[in-house]
Amino acid sequence: MTDALETRTSSVDADLQTQVQALAPWFHNLHLGNGVETAPAHALGDFPAFKWAQIAPHIDRDLSGWTVLDIGCNAGFYSFELARRGARVTAIDVDEHYLRQARWAAGRFDLADRVEFRQMSVYDLARQPQTYDLVWLMGVFYHLRHPLLALDIVRHLTRRQLVLQTMTLPGETTMVTPADLPLDARATMCERDWPSMAFVEHRVAGDPTNWWVPNHACVQAMLRSAGFEVGARIIDETYLCTPAAAGQAPSVEDELRAATGTLAPAQ
């Protein structure tokens, strides 16, 4: 009896491995049970589980009644973790390959009724009226050719919290910048702690979609400019933010509408 059960289990695991391989390559290492993983040899280790273990204590354990937007969801790891805490998740990605993985995994985890996947970009979000309690923007910012435009759009979608992670330049110091910098003081902007962002003309780590690498001060300054309050840097390169009480300047709103063609009013 035991041998028969082990045989059936082995057969099921082999079938699961076959399905995983059919959807390869994977960037998210999902643990599917019985020791089956989607990317067990990931160059970053058990990614993104090790990063979630660091972030998770800073997120409400009970997200019942919350709506979440996961931008750049990849295979859905974060979407699933947030759904397990009770949230209803809308997960978007531009890559249909990752969305196929995520939809399949949602079925495996019995979460298909709590997570909806859509193929769209952050810029497409300017044309939809829905807002979300929590917006999740992990590993996307530095891939965006128009990062501040994206943050302006995200601000209109965020009701309670934003979690943003981005690759950054080395260094953690900041400086208080003047409210109005004289032209003859422009050398100040060359100082190490000035909010700065390096433009990548070619590639970083072989990836042609790595466009910008900001420093720590720049990430915070851009978030403030977009209308967020930076509550904390919860782990390295990861920021927990809330919408600022005051709205953006009318000129920013006008420019945003012109850039997007339309921006649905917040609900």
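Leaving aside its neighbours within four places in sequence, which residues is Asn 215 in contact with? In this predicted model, the partners are Leu 169, Arg 192, Trp 194, Pro 195 and Ser 196. Asn 215 sits in the loop that links β9 (212-214) to α6 (216-225). Its relative accessibility is 9%, under the 20% cut-off, so Asn 215 counts as buried.

Now to the sheet. Seven strands make up an open sheet with mixed pairing, in the order β5-β4-β3-β6-β7-β11-β10. β5 and β10 stand at the edges with a single partner strand each, so one side of each has no neighbour in the sheet. From one strand to the next, the twist averages 20°.

Next, the nonpolar cores, set side by side here:

| Core | Size | Residues to look at |
|---|---|---|
| Largest nonpolar core | 41 residues | Leu 82, Phe 117 and Trp 136, which touch the most other members |
| Second, separate core | 29 residues | Leu 69, Ala 150, Cys 218 and Ala 226 are included |

Phe 117 is worth a click: leaving aside neighbours within four places in sequence, Phe 117 is in contact with Cys 73, Phe 80, Ala 91, Leu 99, Ala 102, Arg 103 and Ala 106.

Helix α5 (residues 147-157) is mostly covered, with nine of its eleven residues buried. Among them are Pro 147, Ala 150, Asp 152, Arg 155 and His 156.

Note on methods: Residues numbered from 1 in each chain as written. Predicted model: local features only at pLDDT ≥ 70, side-chain atom pairs only at ≥ 80, totals over all residues. Heavy atoms only, no water. Helix = DSSP H or I, 4+ residues; strand = E, 2+ residues; numbered from the N terminus. Buried < 20%, exposed > 50% of the residue type's maximum accessible area, 1.4 Å probe, protein only. Contact = heavy atoms within 4.5 Å. Core = buried A, V, L, I, M, F, W, Y, C linked by side-chain atoms within 4.5 Å. Pairing = 2+ DSSP bridges. Axes fitted to C-alpha atoms, helices over the stretch in contact; angles between N-to-C directions.
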